[in-house]
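Subject: Structure handover

Hello,

Here is the structure for you to look over. My notes follow below it.

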Amino acid sequence: MDPEELSESEEEDDEMMLFVFPALYLASIGHDTESTPRRSDAEWICEVLEDDRGQGYEKLRIEPRILRDFSRYVRSKHLLRNTRGVSIEEQIGMFIYMLSRNANFEKLSARFERSRETIHRHIKACFDATISVKGDFVKHPPSTDTHWKISSDPHYGPYFENCIGAIDGIHVPVTISDREAAPYRNREGSLTQNVMLACDFDLNFVHVYHGHEGSVSDAAVLYSAIESGFQVPGGKYYLVDGGYPNTPCFLAPYSGVPYHTEEQEKRNCQPGDYKELFNLRHAHLRNHIRHAIRILKMRFPILNVATFYRFETQLKIPAAAVVLHNIIQRQGGDYGGFSSNWTIPVSTRKTVALPSGDDVYGNDVAALNSQCDAGNAFRDGIAEKMWADYVRNRWTIEEET
């Protein structure tokens, strides 16, 4: 029988533990009835989430107040409810535990001492609740005001003042039947969904478009997102990498020109022309999406492995992770301790080779190709002004020395 179709009898069995074995239940939530003040479910859940991360994992940086605030929010929306045995805080804790530990129902059942059917039912409810509030926490467009990181820095302010964020694609492994697998097989030969992510300069995600087959190009996923309602405010644009077309709304680097900052640092030389200078500064700003994605994957390593949940559930995992990431970020979850030298821990359970994203645009989206001439002229205008100011400032420094 499908666990989602079972009655609540199994959950009632769990609830009986509160009456038959009260001492064991109190011990499980970690307090002494005589000498220690009772801890809240939120405090206990957060300890479980952090203590069980394992060696090599950064902290989730989720605090009891964040868990309580989100629990109150979904309760106010009537999306989740307390049962006699499982509070909303514990339900959400199970859900976050699953995403942050790649935990299957067997592991969840053992850790939270609930039946697998009860775990299944609450995980499904949390998926539905989290996806339903995506529009409240993943908001597009972001602010159209020039971000302080741009306006306060002369390397960016005069040139990228209309940039509102950056976009990139990630591949998330999926498990699917052989009969349906072909469209999901990417260029590495593994099975994935191709997910488009957009973020602002505060490392909040402002859009997630999930569910596209792994064989589809990043540019095609972007266009599908546009067709589904993703719009860029007039006069504004996102930074993208070379796998996307260069348009007035999606500003890509110059192709055939050194781009990544580490490449130029290894060469230990100054930019040689306006294209190299543009690519260098473009790369610095676009690093925000790379950094946001690394934080997301560190918090929720389930994005790195194939799971055995229902296929419809697998497709929802990236969106759920993005919602929770934004909640942590906006409620003051600290990301300052995350290192740029991470090795993201990956479960040994069905690891697969993942593409890093498209390096070159394949001219496969006709509707975007028609915008490339305007995009190229727009980019040239920014780059040439940037270069003229750079040369002028360099001459001034040389004259002063």
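Which helix gives the largest share of the lining of the second largest pocket? It is α7, with 6 residues.

First, the ground rules. This is a predicted model, with local features needing pLDDT of at least 70 and side-chain atom pairs counting only at pLDDT 80 or more, while totals for chains, interfaces and linings use all residues. Residues are numbered from 1 along each chain as its sequence is written, and side-chain values use heavy atoms, with hydrogens and water left out.

Overall make-up

The chain has 15 helices and 5 strands. These are DSSP runs, numbered from the N terminus: helices are H or I with at least four residues, strands are E with at least two. Of the 401 residues, 52% are buried (under 20% relative accessible area; exposed is over 50%, partly exposed in between; 1.4 Å probe, protein chains only). Take the contacts (heavy atoms within 4.5 Å) with a separation of 6 or more: residues 24 or more positions apart account for 72% of them.

The second largest pocket

Its volume is about 360 Å³. A pocket here is an open set of points on a 1 Å grid over the protein atoms alone, with protein on both sides within 12 Å along at least five of seven lines; a cavity is a set where a 1.4 Å probe fits but cannot get out; lining residues have an atom within 4 Å of a point. Grid points are joined across faces, edges and corners, and a volume is the space filled by probe spheres set on the points.

The lining of this pocket has 20 residues, and F105, H120, F308, Y309 and R310 lie nearest the centre. Helices α6 (105–112), α7 (116–132) and α13 (311–330) each supply at least two lining residues. By type, the lining divides into 6 nonpolar, 5 polar and 9 charged. Nonpolar means Ala, Val, Leu, Ile, Met, Phe, Trp, Tyr, Cys and Pro; charged means Asp, Glu, Lys and Arg; the others, Gly among them, are polar.

Aromatic pairs

There are 14 aromatic pairs (Phe, Tyr or Trp rings, six-membered for Trp, with centres within 6.5 Å; planes under 30 degrees apart are stacked, over 60 edge-to-face, the rest tilted). F105 and Y309 are edge-to-face, because their ring centres lie 5.4 Å apart with planes at 80°. This pair links distant parts of the chain: F105 is in α6, Y309 is in the loop between α12 (274–299) and α13, and 204 residues separate them. Both F105 and Y309 are buried.

Y156 and F160 are tilted, because their centres are 6.4 Å apart and their planes at 55°. Both are buried. One aromatic cluster takes in Y156, F160, Y254, Y274 and F278.

Cavities

The structure holds 3 cavities of 30 Å³ or more. I62, I66, L67, F70, I96, L324, I327 and I328 line it. Helices α4 (64–76) and α13 each supply at least two of its lining residues. That lining has 8 nonpolar residues, no polar and no charged.

Best wishes
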